[in-house]
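Look through the structure, then read on.

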Amino acid sequence: MVWINGKAVEAEGKSLSEVVEAVCGQRGISLEAVAVMLNDEIWVKGRWPARPLAAGDVVEVVAVMQGG
Amino acid sequence: MSELVIAGQRLNSRLFVGTGKYRDFALMREALEASGAEVVTVSVRRVEVGAAGHQGLLEALDWRRYRVLPNTAGARTAIEALRLARLGRALTGSEWVKLEVIPDPTYLLPDPLETYRAAEVLVQEGFTVLPYIAPDPVLAHKLARLGCATVMPLAAPIGSGQGLKNRAMLEIFARQRAVLPPVVVDAGLRWPSEAAGAMELGADAVLVNTAIAEAQDPVAMAAAFGQAVRAGRMAYEAGPMPERAFASPSSPTQGVPLPQPEEPL
């Protein structure tokens, strides 16, 4: 299983791009507006690595939201 | 009115505003505009379906007009704050971070030790750190020595609308402002007069979110806070009159056309 935004998902072998595009597509947020953390590394503006995801990988897809 | 300078950046407003709790983006945009604020705080959150406040903000505001200040809200430890700060920097391209480390969900009081630990690392990593703290002048001095760009003592718990509850402690900050970085009074205000009051004490700026966003007319309240902060700062710089124990008449005491005491009514 791969952890995507805190949920366990069967995404082993998929690319990070596929996963991020799916997350952003469902929420209507552009790829330019998100940052992606794969384990402890941060990537932005679509420049994420091409390697396939492996079991145990932790992916966070985040954006700037409202806050004080 | 003197300019506020933080980390070498001249700011055109001493009112900082948050973007949380607005009914919709259109109202938020209008309120931000009415406030006259330049520094605007945002949070970093997972992209999730249907979660409150989870619409992307980066495309909702004209960031050429505002200085974005990503916060670390949601962090309960220094480690979590570092993660949020780094993500905020990646997302916004800004080195500025409002450092919040809050383990307590009831009063949302910041953890001084974890805040200090996180600030130490963030300053080393080149961040411009604006830490949210309890009004503790000793902690403020220690954060200043680390190289924090401001200190942000709380007036009352976040979103409580209790006003300048910590006035006595904020007066100590004001008296020590010569040896502190800019003091930004953050959180807990309800009325613009409280923002003016903080500025009259000598605060360098005030940060307001809920008091504007949850006002019945957020746009009018944003404008009122903007004016109050300006008025408070102008009054501080003008300097108040001395306080006296007894009254002092404003009209001349000589030449009052009173009847002679022996004259009949």
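## Ground rules

Contact here means heavy atoms within 4.5 Å. This is a predicted model, in which local features need pLDDT of at least 70 and side-chain atom pairs count only at pLDDT 80 or more, while totals for chains, interfaces and linings use all residues. Residues are numbered from 1 along each chain as its sequence is written, chains are lettered from A and ligands numbered from 1 in the order in which they are written, and side-chain values use heavy atoms, with hydrogens and water left out.

## The interface of chains A and B

Chain B brings 32 residues to the contact, and chain A brings 22 residues. Buried area is the accessible area (1.4 Å probe) that two parts lose on being put together, summed over both. Between chain B and chain A it is about 2400 Å². Carbon and sulfur atoms give 60% of that area. Three residues of chain B lead: Arg46(B), Val47(B) and Leu91(B) supply 29% of the area that chain B buries against chain A, more than any other three residues.

The rule finds two salt bridges across it; a salt bridge is a side-chain nitrogen of Lys or Arg within 4 Å of a carboxyl oxygen of Asp or Glu. One of them joins Glu60(A) to Arg83(B), with the closest N and O atoms 3.4 Å apart.

## Which parts of chain B touch chain A

Strand 4 (39-46) and helix 2 (78-92) of chain B each supply at least two residues of the side that touches chain A. Helices (H or I, at least four residues) and strands (E, at least two) are DSSP runs, numbered from the N terminus.

Five bridges join it to strand 5 (residues 58-66) of chain A, and the two run antiparallel. Two strands pair if DSSP finds at least two bridges between them. Val64(A) stands opposite Val44(B) in strand 4 of chain B.

## A sheet within chain B

Chain B has an open sheet of three strands, in the order 6-7-8, with parallel pairing. Strand 6 (96-99) and strand 8 (152-153) stand at the edges, each with a single partner strand, so one side of each is left without a neighbour in the sheet. Strand 6 and strand 7 (residues 128-133) of chain B pair over four bridges. Val97(B) has Val129(B) in strand 7 as its bridge partner.

## A buried glutamate

Is Glu114(B) buried or exposed? Glu114(B) is buried, at a relative accessible area of 16%. Buried means under 20%, exposed over 50%, and partly exposed in between (1.4 Å probe, protein chains only). Glu114(B) lies in helix 3 (residues 112-124) of chain B. A polar atom of its side chain lies 2.7 Å from the backbone nitrogen of Ala78(B).

## Two positive phi values

Most residues other than glycine have a negative phi. Asn39(A) has a positive phi, near 55°. Asn39(A) sits in the loop between strand 3 (34-38) and strand 4 (41-44) of chain A.

Ala7(B) has a positive phi too, near 50°. The loop between strand 1 (4-6) and strand 2 (9-11) of chain B holds Ala7(B).

Technical notes
A polar contact is a pair of N or O atoms within 3.5 Å; within protein, one must be able to donate a hydrogen and the other to accept it, and residues adjacent in sequence count only if both atoms are side-chain atoms.
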